[in-house]
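Please look over the sequence and the 3D structure below. A short report on them comes after.

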Amino acid sequence: MIYNIPYMASAILVIVGLYAVLFKRNLIKIAIGITVLESGVNLFLITLGYRENAVAPIYTNLPEGTSIPEGMTLPVPQALTLTSIVIGVAVLALILSFAVKIYQHYGTLDSREVRRLRE
Amino acid sequence: MNMSYVLLHAPALLIAIPLFAAFLTPIIDRFSKRVRNIFVLAVLIIEEILMIIFAWDVFTNGIHVYTMGAPNPTSTVPLQSAVPVRIVLEVDGMSAFMGLISTTVSLAAGFYSIAFVRKETGQGKFYTLLLLMLVGMLGMEFTGDMFNLFVFFEILSIASAALVAYRSYYGDAVEGAFKYLIISSIAGSIVLFAIAILYGQYGVLNIAALAKAMKSTTLDMIALVLLISAFAMKCGSVPMHFWIPDSYTVAPASITAMLVVASQASLYALFRICFSLYGNTSYVATSGAILILFGLLSMFIGVTMAIPQKDIKRLMSYHAISQTGYMLLGVGAGLYLLGNPDFSTHGMAAMEGGIFHIFNHALYKGLLFLTAGAIFYKTKTRNLNEIRGLAHSMKFTTIFFLIGAFSIAGLPPFNGFASKLLIYESVYHVNPILSIIAMLVSILTLASFMKVFHSAFMGPPMKDVERGDVPKSMLFGMMVLTAGIILFSIIPGWVVGHIVHPAAQSLANQSAYIRAVMGD
């Protein structure tokens, strides 16, 4: 049970993020929702690579007496997470710059009023 | 430099050349606009030529694999390991087919853009992003690695979203781009979540290695559902189609043509997941049925929404949704029959129809969006109630529009007819109702485009529009796509036999896909 808590936490973060994107009206809050969603996925990835009593996957930093593959956490999920975080930052920057532009054109961040396309 | 060396490294070169050129473009832009245009076009032409040579080799000699950073690029599995650890590019017939589509449409869009964006600011960045879109598409189509697929998916999304908002002095352009980016990043996160689920179970990221290890657990099913919903959302199939009209309408016309192909790259990923990753699980028939359902809904709802539209690009966007339905229907029917004895008779024909339709759609829909852009360039409006009589001054555009409209409506002898006929004949054996709906949608498409033709090109000429057609570079861009349509209309049998059949064959043949990476 206790081992499943990180998985549950990441699932909850994903659901909270999706909820914010789908039901919030403020564009900045939608951007926050996207970030929360991404954090949930990143947390899930990191949790997958965890091993009990293991050290960071740095080859030269290994304590005496630990065997190499079992004594370290999995390095691949960490590499994936790092890449995903970088992509997330780029996406967030672009979303926020769009929000700034929308505010300049429409004078509001309420998605109910930003609908010139639907006319 | 001999040919076999180029062919060996072609998968990496095709991605690396535009990636390198993309970041060289802003530097060249500082010195001369003219040199920059020539440079971008040269890169696109080189890509097209290299892609044709490479695709021909793949169609005749089978799957190419390329291991990034390995001393010998063809050795995918290192000696000390049982699974591939490096990033592997795997190009089979289907990937090469999609690569041909991407490079051809990019070339047309590149020529078209030269005149279309001449008066805008920030053109250096425009071409940088255009080349990055090509990188993203080719990367998604060539990769044999799940995480790499995600990375190129995000590159494509970010570049596309920035280009949709290119004319940011229109408020609605930013609005459309915002929707596009939100949809893309949700889809991206869902894809990554599914990849994490698969990695957690099998400890590998390579598609072939995953397919070999696949054990059909509940978690696999959850991952499949997540992947299908994310890629179906990104390719604009109906329950998740709402963003397509908004972002296609506001993007510059050449980018809209590119966005059509970008959506098809997601469609390719969807097919790759269903066929190559989940091809030997028990979910094949169910996912095939789901794709057929998505296809039917997209076809019907897309075309019925298109009929009342007044904005010419919005109307065409709804038709794009409707045509995506044909591809989902054709390939979905193939997936539904995969493994059945019927597959060799009807399933293969359905897949060929669906896959052939992807290429045809990219050509005629790209062409139609470019003509819509030409109309906007001339009249500064997209409202069909205000446009009339353009055939008096824009003779070439009128001809291009008519060819595109006949092709999308599936009139013989155009290429749209060839692929639609394959779909009608084969899905009839799955269920006759599918064929009837497909034909009905085709008739409605013709009706809708005749309405556009009549209101935009016929009637007395508009007063405040200057005489003459659009600039030559725009006409040339449209001509590239028209030439493709005419070529495919003249020799559909040869195209199906030599290009489409190898693509469909390689998509259906999962064991060959696995063997190319994992060995025997």
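## Ground rules

This is a predicted model: local features need pLDDT of at least 70, side-chain atom pairs count only at pLDDT 80 or more, and totals for chains, interfaces and linings use all residues. Residues are numbered from 1 along each chain as its sequence is written, while chains are lettered from A and ligands numbered from 1 in the order in which they are written.

## Where the chains meet

Chain B gives 27 residues to the contact and chain A gives 26. Residues are in contact if their C-beta atoms, placed from the backbone, lie within 7 Å. On the side of chain B, helix 5 (146-164), helix 6 and helix 9 (243-250) each give two or more residues. Helix 6 of chain B has the largest share, 17 residues. By class, the side of chain B has 16 nonpolar, seven polar and four charged residues. Here Ala, Val, Leu, Ile, Met, Phe, Trp, Tyr, Cys and Pro count as nonpolar, Asp, Glu, Lys and Arg as charged, and the others, Gly among them, as polar. Helices are DSSP runs (H or I, at least four residues), numbered from the N terminus.

Axes are lines fitted to C-alpha atoms, for helices over the stretch in contact, and angles run from 0 to 180 degrees between N-to-C directions. Angles over 145 degrees count as roughly antiparallel. Among the residues in this contact are A:Phe98 and A:Tyr106 of helix 3 of chain A, and B:Phe178 and B:Leu192 of helix 6 of chain B. The contact divides into eleven nonpolar, four polar and two charged residues.

## Helix pairs within chain B

Helix 1 (residues 3-31) and helix 2 (residues 33-61) of chain B have axes that come within 9 Å. They cross at roughly 175°, so helix 1 and helix 2 of chain B are roughly antiparallel to each other. Their contact has 17 nonpolar, one polar and five charged residues.

Helix 14 (residues 395-409) and helix 16 (residues 432-457) of chain B pack at about 165°, with axes 8 Å apart. That makes helix 14 of chain B roughly antiparallel to helix 16 of chain B. Contact residues include B:Phe401 of helix 14 and B:Phe449 of helix 16 of chain B. This contact has nine nonpolar, three polar and no charged residues.

## A buried glycine

B:Gly93 lies in helix 3 (residues 93-116) of chain B. B:Gly93 is buried, because 24 other C-beta atoms lie within 10 Å. The cut-off for buried is 20 or more other C-beta atoms within 10 Å of the residue's own. Beyond neighbours within four places in sequence, the contacts of B:Gly93 include B:Phe59 and B:Pro502.

## The nonpolar core

A nonpolar core is a set of buried Ala, Val, Leu, Ile, Met, Phe, Trp, Tyr and Cys residues joined through C-beta atoms within 7 Å. The largest one has 230 residues, and B:Met133 and B:Leu329 touch the most other members. Helix 6 of chain B gives the most to this core, 20 residues. Leaving aside neighbours within four places in sequence, B:Leu329 is in contact with residues including B:Ile292, B:Met299, B:Ile423 and B:Leu434.

How values were computed. Contact = placed C-beta atoms within 7 Å. Buried ≥ 20, exposed ≤ 12 C-beta atoms within 10 Å, placed from the backbone. Parallel < 35°, antiparallel > 145°, perpendicular 65-115°, else oblique.
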